[in-house]
Amino acid sequence: MQEELFKNIISHSKEYGFIFPGSEIYDGLGAVYDYGQNGVELKNNLRQYWWVAMTRWHENIAGIDAAILMHPTTWKASGHVDAFNDPLIDNKDSKKRYRADVLIEEFLAGIENKIEKEIEKSQKKFENFNRELFVSTNKRVLELREKHHAFHSRFKKAMEENNLAELRQIIVDAEIVCPISGSRNWTEVRQFNLMFSTRLGSVSSEADEIYLRPETAQGIFVNFLNVQKSGRMKVPFGIAQTGKAFRNEIVARQFIFRMREFEQMEMQFFVRPGTEMEWYEYWKDNRLKWHLAMGIPADHYRFHDHTKLAHYANAACDIEFRFPFGFKELEGIHSRTDFDLSQHEKYSGKKLQYFDVELNKSYVPYVIETSVGLDRLFLAVLSASYKEEKLENNEERVVLNIPAPLAPFKAAVFPLVKKDGLPEKAEKIFKRLRKYVRCDFEEKDTVGRRYRRHDAIGTPFCITVDYDTMKDDTVTVRFRDTMEQKRMNIDEAVNFVIRESDLVIWYD
Ligand code: ATP
């Protein structure tokens with residue numbers, strides 16, 4: 001059911017100009033997507049919402065726009081050259097490549113599913129069903145649980161120890177087959193660096209090798225002092241940036257959830273050492289509130305605290321979102337200590353410190369990072385907004401309940417008919433409104449059809465000019481979600497749309 005829904009969302013995105021497969025006329029390019037005429041608007045609005053929340057609603061956060069190409073030593077210092085790897089394994093028959101850890105995770109998820117199915121089956125059979133009693137006594141469930149536990153602990157240990165041979169052995173012992181060939185003919189597990197490399201200039205030699213950035217954060221770290229000095233920033237302060245990042249993902253799928261070229265919105269918040277946990281809590285709370293302000297129900301979000309921390313982090317969590325394929329990471333919030341700045345000090349030989357007047361000493365600030373994928377956010381909003389509705393008159397409609405400030409069009413203006421001066425009157429309203437918000441003007445087809453088209457792309461308000469408008473300057477405002485219609489004076493309607501489309505309504 002959910003799978004079906006997800007497929008429908010993907011085809012709807014294409015049909016209505018939100019997302020197209022990249023280079024489609026050449027049969028596409030793996031995990032690369034293009035945003036269409038409506039998609040780009042939604043994406044820009046989401047970016048703008050983030051940008052305004054960071055750089056306007058926080059007086060101590062400055063924005064920057066660093067280059068995608070960075071000095072190659074950056075990635076040595078950050079650890080990406082040596083450690084930004086995924087364990088990969090090939091199936092010798094299908095020649096398909098997989099992430100070894102993902103194959104095992106899917107195998108474990110399969111066992112979890114089986115357990116749930118067993119429970120559901122029995123639940124249906126017995127009226128007085130006691131879940132706990134059933135789980136603790138049912139032989140089949142106990143067996144499955146034991147199997148899950150055994151493989152899960154081996155997997156956890158192998159990942160912690162970076163033990164590639166053991167990862168392969170788990171795949172063999174679990175009898176995992178390639179979904180394409182169905183065979184168990186696996187290669188060794190190897191580490192695969194996820195960075196795309198390219199060459200600088202025209203001469204190709206080792207020394208010229210540079211990388212497309214795999215994250216935007218490093219552009220912030222290398223500019224820490226530039227911004228602090230030129231902006232006379234005082235700790236605590238943050239630097240925010242949005243931009244493209246590139247990762248040569250081995251398993252790239254689930255539509256725009258995991259892409260090879262994607263966009264991140266990252267903010268590094270520099271704090272006095274010792275205060276980082278307070279700020280970590282602040283940002284956890286603040287970021288969740290930011291998501292919730294968009295109006296998607298709270299049960300779509302949950303925190304996932306990391307139990308296994310990167311060696312430089314002293315706290316980390318994800319905000320997970322309920323996508324049509326389950327709860328998955330949407331945003332990461334990490335307390336990264338002074339790791340990044342200290343590494344750049346070491347590799348560049350430059351001091352990256354802050355003189356704290358109150359303490360009368362210099363230190364390398366600690367960093368709290370918030371990092372959200374713009375494309376994942378797009379998918380979150382799109383999938384939560386997509387509704388297939390059955391109407392009273394047995395008609396069906398697809399509607400995107402995108403919040404007004406994010407919607408591609410804020411309003412559409414229609415003349416009821418294409419004569420008697422109605423189009424001219426409607427065009428006047430359209431031209432007035434478009435100075436403030438993005439809106440559409442349509443005069444073809446029945447009004448009902450025009451409503452449906454705009455429901456499908458998420459336009460929150462439709463304004464219709466009819467014969468009464470010619471007499472008393474009132475129009476019909478039709479609301480996308482409830483389909484209710486309200487008569488308003490033209491001025492009132494214009495002001496209403498402008499007000500409802502303003503991001504400020506989410507600011508408390
Ligand atoms: P995952 O575990 O899903 O691979 P990650 O932990 O590697 O993600 P981070 O390095 O923390 O991700 O990146 C921060 C954010 O960037 C993620 O929360 C996600 O929203 C986004 N992101 C990361 N990789 C991709 C990708 N391949 N495609 C789209 N968005 C991505």
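Start with Glu-118 and Lys-121, whose side chains meet in a salt bridge, with N and O 3.7 Å apart. A salt bridge here is a side-chain nitrogen of Lys or Arg within 4 Å of a carboxyl oxygen of Asp or Glu. Why can these two reach each other? Because they sit three residues apart in helix 5 (residues 100-125), they are separated by about one helical turn. Helices (H or I, at least four residues) and strands (E, at least two) are DSSP runs, numbered from the N terminus. Buried means under 20% relative accessible area, exposed means over 50%, and partly exposed is in between (1.4 Å probe, protein chains only).

A quick word on what you're looking at: this is a predicted model, in which local features need pLDDT of at least 70 and side-chain atom pairs count only at pLDDT 80 or more, while totals for chains, interfaces and linings use all residues. Residues are numbered from 1 along each chain as its sequence is written, and side-chain values use heavy atoms, with hydrogens and water left out.

Back to the charges. Take Arg-287 and Glu-331, whose side chains meet at 2.7 Å, N to O. Arg-287 belongs to helix 11 (residues 276-292) and Glu-331 to strand 13, 44 residues apart. Both Arg-287 and Glu-331 are buried. Then there's Asp-473 with Lys-425, the closest N and O atoms being 2.7 Å apart. Here Asp-473 lies in the loop between helix 16 (467-472) and strand 22 (474-479), and Lys-425 lies in helix 14 (residues 422-433), 48 residues apart. Asp-473 is partly exposed at 35%, and Lys-425 is partly exposed too, at 23%. Salt bridges can also link up into a network, as they do for Glu-389, Glu-395, Arg-397, Arg-452, Asp-455 and Arg-478.

Helix 5 lies across strand 4 and strand 5, running at about 70 degrees to strand 5. Such angles run from 0 to 180 degrees between N-to-C directions, using axes fitted as lines to C-alpha atoms, for helices over the stretch in contact; contact means heavy atoms within 4.5 Å. Those strands belong to an open sheet of three strands in the order 5-4-6, with antiparallel pairing. At its edges are strand 5 (97-99) and strand 6 (190-193), each pairing on one side only. Two strands pair if DSSP finds at least two bridges between them. Strand 4 (residues 85-90) and strand 5 are joined by three bridges, and one place to look is Ile-89, whose bridge partner in strand 5 is Tyr-98. Neighbouring strands of this sheet are turned by 50 degrees against each other on average, direction ignored. Helix 8 (residues 164-173) lies across strand 4 and strand 6, at about 45 degrees to strand 4.

Next, find strand 16 (residues 366-373). How many of its eight residues are buried? Eight of the eight are. In a regular strand the side chains alternate between the two faces of the sheet. On one side of strand 16 you find Tyr-366, Ile-368, Thr-370 and Val-372, on the other Val-367, Glu-369, Ser-371 and Gly-373, all buried. Strand 10 (residues 261-271) runs antiparallel to strand 16, joined by eight bridges, with Phe-270 opposite Val-367. Strand 13 (residues 326-335) is antiparallel to strand 16 as well, through five bridges, and there His-334 stands opposite Glu-369.

What about the oily interior? A nonpolar core is a set of buried Ala, Val, Leu, Ile, Met, Phe, Trp, Tyr and Cys residues joined through side-chain atoms within 4.5 Å. The largest one has 58 residues, and Leu-46, Met-294, Phe-378 and Leu-406 touch the most other members. Helix 13 (residues 374-385) gives the most to this core, with eight residues. A second, separate core has 26 residues, including Ala-100, Phe-134, Val-141 and Ile-171.

Last stop: the cysteines. A disulfide is a pair of cysteine sulfur atoms within 2.5 Å, and by this rule the count is zero. The sulfur of Cys-439 is 11 Å from its closest cysteine sulfur, in Cys-462, so this pair is too far apart for a bond.
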